[in-house]
Amino acid sequence: MKLPFRLQPPTPKSPIENSPSGLGTFGGVYTPSILTILGVIMYLRFGWVVGNAGLIGTVLIVSLANAITFLTALSVCAIATDRVVRTGGAYYMISRSLGIETGGAVGIPLYFAQALSVALYTIGFAESVVTAFPDLGISQLYIALIVTVGVGILALTSASIAIKAQYFIMGAIILSLFSFYFGHPIEEAQIEMWVSDKEPFWEVFAVFFPAVTGIMAGVNMSGDLRDPIKALPIGTLAAVATGFIIYVTLPIFLATRASGVTLIDEQRFVMQEMAYWGPAISLGVWGATLSSAIGSILGAPRILQALARDGILPRWMRFLGEGSGPSDEPKTGTLVTLAVAIAAVCIGDLDLIAPVLTMFFLTTYLVLNISAGLEGLLNSPSFRPSFKVHWALSWLGAIGCLGVMFLINAVATCVAGIVVIGIYFWVRQRELMVTWGDVRRGIWMAILRMAILQTDHTDDTKNWRPQFLVLSGAPTKRWPLIQLAQALTHNRGLITVSSVLPQGSRDIAGQAVLERRIRDYLQRRGVQALVRLITAPDPFDGAERLVETYGLGSIVPNTILLGDSQQMTHRDRYCQMIANLYKAQRNVIVLRENSELAYDPWQESKKRRFRIDVWWGGGIQGNGSLMLILAYLLHSNPQWQKGEIHLKLVVMDESALSEAQHNLDKLVQDLRIDAVSEVILANGRTFATILKQSSKGADFIFLGMPSPSDDKLFVTNYERLQQWTQNLPTTVFVLAAPEFNFQEVLGEN
């Protein structure tokens, strides 16, 4: 079926300052809403719907379509009665609920949909005039241009007249309906209750559905209403109910006055032929198209104005946010919209993009339902609408909108979805700052609560990965600690960058400010991490207290990452802290850097093939397993995938060399870790000598720390590790938590 011109969902009217006392329910909400609902589809396509679906089928289509519109109206009423809807209408509601990115992703396409709809409606008006007066002698293009410029001038110079004109348009529509209801049959016809051998049911539904949209008209006038909390629900729902009554009674008259064949063949003139006074139907068609065109030319600039004021548009377009006069009229935006509409009229054939524009309107209704559904589901204390709607109804409306979009045109739905998603990521990458909160934080808090309560306090070897508490102090001074944590987590584990401040150096408010500065610094460096600062008289006591108290439920850091201690005066207390962390069932990783090296391993890993040495000494239990896991995680990082893991083992006796090599090769194979096994014969050399000779060409070295069962012995052992690794490349000392089975993480039975 080829339609003479494409029809769009009626476009919502925008708020216009009227009087100091404001508009009432009838003039401010009901009238503009019912004018957008009773549009050209009712006059030019409804006979075709009845002819293809039958009386019962048409009533079913009307009921389904109005059910979706009714659910969306409920969502709109809930949001509109929770907050004042300012300039921007639907964009304003969405951006203040789901965030500026989602608001911009919907608002920009919605603006173009409304701006281009001006052209679609004026072209439709011109076509109707040419059809009614074939001897007029004026081109359809010129009529469309004249009408487009006329509604533009009306919006620029006398918006109050445009608001008052809706009463005359409503009068024309009422006259046309009375003329039709008191009309007459055009032939003897047998009522067709159900038709199944013509157009498919859902295709007929898709043609009719845009007729019942347009419920945003009253919402966009919220700022001009005397009592929006009362007027919006009553006016919007009354308009939906009135539209339903009219649309459910019209099929009865159509089906009893003409056959299905006539309704289909004469779809554009059948109501005029049945009417008591035929020209009244033409007046209704012209009133419907003009009201929608005026609504579009008034609504689109206000969306553009809101987009510019919120900073979504590029900086050089900020002038579009300016308003004129005491009513803050967006005259600059109106001129831009008029130019877009004139260009579209000159192009003439908009059939290619018309379906996509329809999807932009329906996307707006979909997102509004989602907004109300999320707000109701989260039940935040800040969401207190006067008109309460159960969240399930909003979600049902969202599902209905999405289903209708695919039924109407699946290809156009996908195109519109791609455009909206593209704009979303474009707005997001600009990192716009806003002064209002939105529902997204509430969503994440609800998910976080659920996750924490569902997470068992028992460690799970199947899903284990390091969750770091980095004792870095000022991040700029020990940045490699943060680099190592980020390289080992791959943005999958949690990193908390922490520092212990001197007692009394900052109050609670000062700590919060410093935490925010550190968090911003990390974000600029591309690091996703939490930040935690505490004050303590002693840094070691503070670190132990931080490990003891930090966390939420079962979500606590399982791995403590800190730098090596070079101060002899603090060595005993430093080792005691490591021992206490070990007793607290935490893994401890100490990063020992060689400041005399001429290269940075983090930068060199990008340029050349590098090597990670893992010194295997105590078997697969404890430190050995954890070192292999850490080496594997480091090697799995995209920045480090060019390198090799060398698993090294020292044997004292040459007779054990072959068997040790076989066992090490089998271990690597069984653990499915891409590593080079290397067994080294001591040949009378000390381990320190072998370490220096074998690992001087490495980029990263993993060494296990002995268990700190004896405090004095542990200090001696730690100092020995420092001596062994002197002048060696970057080394990581590893101490595995005592009661966790890292062997199961590797999968070794």
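**Sheet, helices and cores of the predicted model**

In the predicted model, V614 stands opposite F702 in strand 9. Strand 6 (residues 611-616) and strand 9 (residues 700-704) pair in the parallel sense over three bridges; two strands are taken to pair if DSSP finds at least two bridges between them. Helices (H or I, at least four residues) and strands (E, at least two) are DSSP runs, numbered from the N terminus. Residues are numbered from 1 along each chain as its sequence is written, and side-chain values use heavy atoms, with hydrogens and water left out. Because the model is predicted, local features need pLDDT of at least 70 and side-chain atom pairs count only at pLDDT 80 or more, whereas totals for chains, interfaces and linings use all residues.

Strands of a sheet pair through backbone hydrogen bonds, either parallel or antiparallel. Here, ten strands form an open sheet of mixed pairing, in the order 3-2-1-4-5-10-9-6-7-8. Its edges are strand 3 (530-536) and strand 8 (675-681), each of which pairs on one side only. On average, neighbouring strands of this sheet are turned by 25° against each other, direction ignored; axes are lines fitted to C-alpha atoms, for helices over the stretch in contact, and angles run from 0 to 180 degrees between N-to-C directions.

Two helices may be described against these strands. Helix 22 (residues 571-583) lies across strand 4 (559-563), strand 5 (587-592) and strand 10 (731-735), and runs at about 145° to strand 5. Helix 25 (residues 657-671) packs on the sheet, where it touches strand 6, strand 7 (644-651) and strand 8, and its direction makes about 160° with that of strand 8. Contact means heavy atoms within 4.5 Å.

Helix 25 has 15 residues and reaches 21 Å from its first C-alpha to its last, close to the 21 Å expected at 1.5 Å a residue; the expected span is 1.5 Å times one less than the number of residues. The buried residues of helix 25 are A660, L664, L667, V668 and L671, where buried means under 20% relative accessible area, exposed over 50%, and partly exposed in between (1.4 Å probe, protein chains only). Seen down the axis of helix 25, these residues fall within an arc of 95°, so they line one face of the helix; the arc is that of the directions from the helix axis to the C-beta atoms. The cover over this face includes strand 6, helix 24 (623-636), strand 7, strand 8 and helix 28 (742-746). On the other side of helix 25, S658, E659, H662 and Q669 are exposed. Just after the helix, R672 takes a positive phi of about 55°.

A nonpolar core is a set of buried Ala, Val, Leu, Ile, Met, Phe, Trp, Tyr and Cys residues joined through side-chain atoms within 4.5 Å. The largest has 134 residues, of which L38, Y43, F208 and Y247 touch the most other members. Its largest share, 18 residues, comes from helix 3 (residues 46-80). Apart from this core lies another, of 57 residues, among them L533, L591, W640 and A660.

T31, in helix 1 (residues 25-37), counts as buried because its relative accessibility is 0%. Not counting residues up to four places away in sequence, T31 touches F26, Q166, Y167 and M170. Y181, in helix 7 (residues 159-181), counts as partly exposed because its relative accessibility is 22%.
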